[in-house]
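Dear colleague,

I am passing on the structure below, together with notes on what came out of its analysis. Please read the notes with the coordinates open beside you.

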Amino acid sequence: MVSRVNNINSLLASIVIYCLVSYLLCLPGWFTSTIFAIIGSQIYIIIPENYRSSLLWLVPLAVASYWYPIIFLPVMVGYVSSVLVMLLSKDGCKLLYPFSSTNFTGPANYLESGSREDKSATTFLVVLAVLAIVFS
């Protein structure tokens, strides 16, 4: 089960990363695209458990973003941000699931749910998200 704090961290990370990508690539439609990035960061909730963090999902998202970049590029950025947050969690994620069931993890107990480090990361991401929104 994905914890609520990881959901908040992936949501905030998607805002920060998409604002940075949007600024660097001069993408139009900042507000609606940010909403799609938030949706992309939460899409792993409906994906089956072993496939939640698989990089296999990037292939259809990349193909769809070729035809509809305004929608699927933010969704792809949001999904990648959720994978990055899962990599930093204690449980880790299976990046290459259909081909390998190796569980990739970040530093030991870095973002364990409810820990001091997790609350610090959430606070830091809140500040970054506010700054990203203000300066976008």
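Taking helix α4 first, its 19 residues should span 27 Å at 1.5 Å a residue, and its end C-alpha atoms lie 26 Å apart, which agrees; the expected span here is 1.5 Å times one less than the number of residues in the helix. Helices (H or I, at least four residues) and strands (E, at least two) are DSSP runs, numbered from the N terminus.

Some conventions before the rest. This is a predicted model, in which local features need pLDDT of at least 70 and side-chain atom pairs count only at pLDDT 80 or more, while totals for chains, interfaces and linings use all residues. Residues are numbered from 1 along each chain as its sequence is written, and side-chain values use heavy atoms, with hydrogens and water left out.

The protein has five helices and zero strands, so that, by the DSSP definition of these elements, the pattern read along the sequence is α-α-α-α-α. Of its 136 residues, 37% are buried, where buried means under 20% relative accessible area, exposed over 50%, and partly exposed in between (1.4 Å probe, protein chains only). The accessible surface comes to about 8,100 Å², and 72% of that belongs to carbon and sulfur atoms; these areas come from the Shrake-Rupley method with a 1.4 Å probe, and for residues only the protein chains shown count as cover. Among contacts (heavy atoms within 4.5 Å) between residues at least 6 apart in sequence, 60% join residues at least 24 apart.

To return to α4, its buried residues are L73, P74, V75, M76, V77, G78, Y79, S81, S82, V83, V85 and M86. The largest nonpolar core has 11 residues in all, namely Y44, I47, L61, L73, V75, M76, Y79, V83, M86, C93 and L95, and α4 (residues 69-87) gives the most to this core, with six residues. A second, separate core of nine residues includes L12, L125, A129 and A132. A nonpolar core is a set of buried Ala, Val, Leu, Ile, Met, Phe, Trp, Tyr and Cys residues joined through side-chain atoms within 4.5 Å. If neighbours within four places in sequence are left aside, M86 is in contact with Y44, R52, S53, G92 and C93.

Helix α5 (residues 116-135) has 20 residues and reaches 29 Å from its first C-alpha to its last, close to the 28 Å expected at 1.5 Å a residue. Within α5, D118, A121, T122, L125, A129 and A132 are buried, and, seen down the helix axis, the buried residues fall within an arc of 100 degrees, so they line one face of α5; the arc is that of the directions from the helix axis to the C-beta atoms. On the other side of α5, R116, K119, F124, V134 and F135 are exposed.

Helix α2 (residues 30-42) can be checked in the same way: its 13 residues should span 18 Å at 1.5 Å a residue, and its end C-alpha atoms are 19 Å apart, which agrees. In α2, S33, T34, A37, G40 and S41 are buried, and they cover an arc of only 115 degrees around the axis, which puts them on the same side of α2. F31 also lies in α2, but at 57% relative accessibility F31 counts as exposed; F31 and I133 are 102 residues apart in sequence and 9.4 Å apart in space, C-alpha to C-alpha.

The loop between α1 (4-25) and α2 holds C26 and also P28. C26 has a positive phi of about 55 degrees although it is not a glycine, and at 66% relative accessibility C26 counts as exposed, whereas C19 is buried, with a relative accessible area of 4%. With a disulfide taken as a pair of cysteine sulfur atoms within 2.5 Å, the count comes to zero disulfides. P28, leaving aside its neighbours within four places in sequence, is in contact with S33 and I70; P28 and I70 are 42 residues apart in sequence and 7.9 Å apart in space, C-alpha to C-alpha.

With best regards
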